[in-house]
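Open the model in your viewer and keep the selection tool ready.

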Amino acid sequence: MSHPTNRSFIARHPWLLAVVAVGVLVAGGVMADYLRALPEDAVATFVGRDACVECHETETQAYTGSHHDMAMDLATDETVLGDFNDVTFVNDGIQSRLYRDGKKFMVYTEGPTGEMEDFEVKYVFGVDPLQQYMVEFERPEDAAEDEVGRVQVLRISWDTNRKEWFYLRPPDVGEKLQPDDPLHWTGIAQRWQTMCAECHSTDLKRNYDVATQRYHTTFSEIDVSCEACHGPASLHIELANRNSLFWDRHRGYALVNLKTEDTTPQIETCAPCHSRRGVLDGKMTPGAAYCDHYNLELLRGDTYHDDGQIKDEVYVYGSFLQSKMYHQGIRCTDCHDPHSLELKHPGNETCTSCHQHAAGKYDVPSHHHHPVGSEGAMCVNCHMPHTTYMAVDPRRDHSFRIPRPDLSVELKTPNACSGCHVEDLRDTLPAEISDDLKLYQDWLLAASQGYEKVSEVIERTDQWCDEACDKWYGEERLKPPHYAEAIAALRRGDRSGVRKTLKLIAGSNTDPKQALTPVIARATALDELVMQGRVEAVDAAEQLIDENERDPDSMHPILLASAARAIGMLGGGGAMDPGQVQKQLYPLLSHSSRLVRSEAARGIVNGNAYQRLSGAKRKELDQVLSDVKDEFMYASDRAGAHMGWAMLSEQRGQWAEAIRSYSNAMRVEPGTTGPRTNLAALLDRLIPMSPKDPSVREVLNAVGGEDGIAGVEKKITQLRREELPLLDRDAKLAPEIADLQYRYGLALYLSGDLPAARKQLQRAVELEPDVELFRTALRMLEEHMKNQ
């Protein structure tokens, strides 16, 4: 008997052919659908939150009314919280009036000329615990409808909790601000584009025109919207609407993935607006590397305490980098809902949701030694103490540290225990002092300003708290080595400071106990050595660069950038041969991080190595320096940006570019000291070079015009004359800053007023007697005066 063939089987079941054909077609269609992808050159654009609502209703509901949603808005009946019902507010002798003019919100107050004027409030800023109000100036006549002119933020602000007006005074400024002061509400320090806009709007483009000194600012949305965190969504919307079984095989959802196992993308998406930093290019998209776009401020003595606790407003990221939580992989959304921004749990539950122990190890009196339910029993009050900024806004320290009153006793740093318990000794202070101490930070400030009685109370409190901790925790009390011991010693001039700091910079390579020393502390230590002119910093920097060369990209860009900066600054001062500067820094021009490339490029120029480069190497360096110029010009509305580029141009022998940049600095901020002095010195230096160098002669002819060198000399005299009153102003505003007194003294000497110059140089020496430069200048001036 014969067996049926496949042919006969198919013949008996013809429908199978149809099934197979359909299967092939379906598989082919699915494969074609999978293979269909967005064009490689497709660029996502901003589409606005309304495009997100349909698919993301839950997230939209959480976001609506959040601080991101309310970051900024037009001034309307719905958005304005302050009382504009024809009320009067008085500060520093100015009687301002806040009122309505139809639908407009108005303020009658001191304007930029010092006269009282009426201004329309166009925008509101923030919602809790304060709301600020903004006025638009100098709107260009050719401005498009979606463009914004110069916007200034009023200092008269609304306390949303107390429901009252208050004057937001600048820190450490007790007197009335003059209309020409940069801190006046019409000054550049209160300019929205300069200080606020980037982090309170979505897809902001500042668009400042240096030539006309006008803004043409735009944004895709007025506040912090969906795409500020998730990235421009046009391609995501396109994929969602194309009825495909798949997202894009190359781009996925075509949005940044903030839920990766690696916490870095999410943290560094939040960090740009939650950090105190410089901007490298202003083009960061969510998920990108922070150090390719920003330069994080280190633990400077005026913004952080010696142990890294917050002092001035630093916006979280620099603190969080110091924490064990950061190093253990904790991310922002472990505690905060990413859309409502609220904590995920009430009270201590935010902490105990992770710090769980069956026996209740932490949220019990045996741990915190305070009554249950009291302020002292709140985890955040001990481990995240707050500092109040903007008069009414308490911000918590995100370094999540254990209180260390033992370090307070040794180093005079704050601690959370004393933050509460100084109140126990308040009645030992005279009333005239006590009345001004509202917050712990006021106590610390008073002590730093020399109030001995306040210092004594703080010291007694620190000692009591330290002894209490010994009693409570006994041998189990943890007092591990801390980087504050090195940084504090260096700053106060202890002989051991340099040795401790070098050990700190080396980190885990020399001491296993330092293995978790945060990168930001190591970079800070190196910068501190550089600022003190310590040549040991060069060796430390070389060791870091060598370490990175042995294991490329293993070192954090923040630390490697500090090493490059150290080589440039101290190498250029004679601590290293320019050839060695080039050898150390040139390889870093091709580093993967823009921050490192930028600092290496600057370092080569500052280290006097630019002229030593061959043509090909100089061309490569110039390409990186073009990025450096872009960094400066991101802040082209500030004199400092043009000054910085002018000085780099001057060091490269780019005389015309340097002169143009110094001139731009004077143009955008006429009241800034520095550019006139620098330009006068440059021109003075170029005059002897002009007979032999035609290019220099051409540059000077452009400055002197028909009068030639005589015109240049006239320009030099004019620049120095214009600079004197500005230096006089700064020296009086900051009488305790030695460098200002020194610069004013030199300017007076150049103007011919030798007795006044001697007085200022003497003041500089009195303030900082260890600075050799100040002593030498004074000695040479006195010798000159004797020989006259």
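Select β2, β3, β4 and β5. These 4 strands make an open sheet, ordered β2-β3-β4-β5, with antiparallel pairing. Strands here are DSSP runs of E of at least two residues, helices are runs of H or I of at least four residues, and both are numbered from the N terminus. Two strands count as paired if DSSP finds at least two bridges between them. Color β2 (87–91) and β5 (116–121): these are the edge strands, each pairing on one side only. From one strand to the next, the twist averages 25°. Angles run from 0 to 180 degrees between N-to-C directions, with axes as lines fitted to C-alpha atoms, for helices over the stretch in contact.

A word on the source: this is a predicted model, in which local features need pLDDT of at least 70 and side-chain atom pairs count only at pLDDT 80 or more, while totals for chains, interfaces and linings use all residues. Residues are numbered from 1 along each chain as its sequence is written, and side-chain values use heavy atoms, with hydrogens and water left out.

Now keep β3 (residues 94–101) and β4 (residues 104–110). They run antiparallel and are joined by 5 bridges. Pick Arg-97, then look across to β4: its bridge partner there is Tyr-108.

Next, the charged side chains. The structure holds 50 salt bridges. Each is a side-chain nitrogen of Lys or Arg within 4 Å of a carboxyl oxygen of Asp or Glu.

Select Glu-198 and Arg-277. They form a salt bridge, with the closest N and O atoms 3.3 Å apart. The pair links distant parts of the chain: Glu-198 lies in helix α6 (residues 197–200) and Arg-277 in strand β13 (residues 277–279), 79 residues apart. Is Arg-277 buried or exposed? Arg-277 is buried, at a relative accessible area of 19%. (Buried is under 20%, exposed is over 50%, partly exposed is in between, with a 1.4 Å probe and protein chains only.)

Move to Glu-631 and Arg-602. Their salt bridge has its closest N and O atoms 2.9 Å apart. This pair also links distant parts of the chain, from Glu-631 in helix α27 (residues 615–634) to Arg-602 in helix α26 (residues 594–606), 29 residues apart. Glu-631 is buried at 6% relative accessibility, whereas Arg-602 is partly exposed at 21%.

Last stop: Asp-302 and Arg-300. Their side chains meet in a salt bridge at 2.5 Å, N to O. Asp-302 is partly exposed at 43% relative accessibility, and Arg-300 is partly exposed at 35%.
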